[in-house]
Structures are given as C-alpha cells and as structure tokens.
Amino acid sequence: MSEAVRVEKIHDWLWEIPRTGGMRVPGRLYASEALLRDIARDQSLQQVVNVAHLPGIVGYSLAMPDIHLGYGFPIGGVAAMDVEAGVISPGGVGYDINCGVRLIRTDLEYAAIRDRVGQLADRLFAAIPCGVGAEGAIPKLTVEDEKQLIRRGARWAVARGFG
C-alpha cells in the first residue's frame, strides 16, 4: 500500500495530491475510484509526489490512468518543466526499459515545416523503435555479438552505430 499519500477527489475521474513538504506543485491523477484502489497498492503515488519536488516543474505532477511503479517517475507519469529553471530527468522518459523515447534539438522552425509535419512524424516513427516487440533498429544478435556486448558494453554498441 502506498505510504500515507493523501489523495482528494476533484471529480469522478480526477484526483489531487495536495502540496506538502517540498512539493513545488500538486499531483493530479486521472483514474476511476476502482483504478485508484489498485494504483494505491504500490509506491507509484509516492513517485507522483517525488516528481512534484523537481526544480522547474510547471502546473502539476500528472499521472495517467495506467500509472504503476516506475524507476524514477511512475510509468504513466507526466511533468512539464520550465525551459530556464527546469530539469531533464532520464527517470521521466523510460530509460530503464529503453522505450524508444528520445530528445533531439534542431534549428527547424514550425513555419518551415508546417506543411510537412505529418511526413516528418511518419519518418520519425519509422526510424525510432517503439512499442512492445519493436524490430528492425538492432538486428538479432549472434551469440558472439552478445558476448562482445557483455564484455565491451556501450563501446561495442556505439562502434556498431547503435548508440
């Protein structure tokens, strides 16, 4: 059971964790009452509280209905950060399971790509592995490749263009 995280009902499907201690923003959770009972069985509500402490967080530490215990953020957790005062947290992007979330900065401006956003999204989706059982980005490794990966780690992956 989640350790004493106070949750207040806002609507039938919206719950709030009020600011306490060093929380910079409240937590918000989207779930039915039945889901909330399930959610409260692990420490994911405490992770919502933890995320609310991050520097530069804006608005709320959010949790979607599929929330469950993660490595940093809860899985199903979302937070917006102020570009100047905020942080980039690898615990917020699924790095622990390599879910395919990536960050890239370009010099592209919306006005220049406005008519090609759909095409750009399609190309990104094709190039970035995502979802359960994503295939193609890294071919099945041979036993020898697996041994080399274990011995050399990230250096092996980078040398083969995987990192």
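1. The count of salt bridges comes to 5, where a salt bridge is a side-chain nitrogen of Lys or Arg within 4 Å of a carboxyl oxygen of Asp or Glu. The model is predicted, with local features needing pLDDT of at least 70, side-chain atom pairs counting only at pLDDT 80 or more, and totals for chains, interfaces and linings using all residues. Residues are numbered from 1 along each chain as its sequence is written, and side-chain values use heavy atoms, with hydrogens and water left out.

2. One of these pairs joins arginine 28 to glutamate 16, with 2.6 Å from N to O. The partners belong to distant parts of the chain, 12 residues apart, with arginine 28 in strand S3 and glutamate 16 in strand S2; strands (E, at least two residues) and helices (H or I, at least four) are DSSP runs, numbered from the N terminus. Both arginine 28 and glutamate 16 are buried, on a scale where buried means under 20% relative accessible area, exposed over 50%, and partly exposed in between (1.4 Å probe, protein chains only).

3. Arginine 6 and glutamate 8 form another salt bridge, in which the closest N and O atoms are 2.6 Å apart; glutamate 8 is partly exposed, its relative accessible area being 34%. Between aspartate 12 and lysine 9 the closest N and O atoms of the salt bridge are 3.5 Å apart. Aspartate 12 counts as exposed at 59% relative accessibility, whereas lysine 9, at 45%, is partly exposed. A network of salt bridges links Lys9, Asp12 and Glu33.

4. Turning to the fold, 5 strands form an open sheet with mixed pairing, in the order S1-S2-S3-S4-S5, two strands being paired if DSSP finds at least two bridges between them. Strand S1 (8-11) and strand S5 (75-81) each have a single partner strand and stand at the edges, so one side of each is left without a neighbour in the sheet. On average, neighbouring strands of this sheet are turned by 25° against each other, direction ignored; axes are lines fitted to C-alpha atoms, for helices over the stretch in contact, and angles run from 0 to 180 degrees between N-to-C directions.

5. Strand S2 (residues 14-17) and strand S3 (residues 27-30) run antiparallel and are joined by 4 bridges, with leucine 29 in S3 as the bridge partner of tryptophan 15. Helix H2 (residues 44-51) packs on the sheet and touches S2, S3, strand S4 (57-68) and S5, its direction making about 165° with that of S4; contact means heavy atoms within 4.5 Å.

6. S1 and S2 also pair in the antiparallel sense, over 3 bridges, and form a hairpin with 2 residues between them. Tryptophan 15 in S2 is the bridge partner of lysine 9.

7. Which residues does tryptophan 13 contact, leaving aside its neighbours within four places in sequence? They are Leu29, Tyr30 and Ala31. Tryptophan 13 lies in the loop between S1 and S2, and its C-alpha atom is separated by 4.8 Å from that of alanine 31, 18 residues apart along the chain.

8. Finally, Leu108, Leu120 and Leu124 form a nonpolar patch on the surface, with about 260 Å² of accessible area together. Leucine 108 is placed in the loop between S5 and helix H3 (110-113). Patches are made of residues with over 30% relative accessible area and no salt bridge, nonpolar side chains (Val, Leu, Ile, Met, Phe, Trp, Tyr) being joined within 5 Å and like charges within 9 Å; accessible areas come from the Shrake-Rupley method with a 1.4 Å probe, and for residues only the protein chains shown count as cover.
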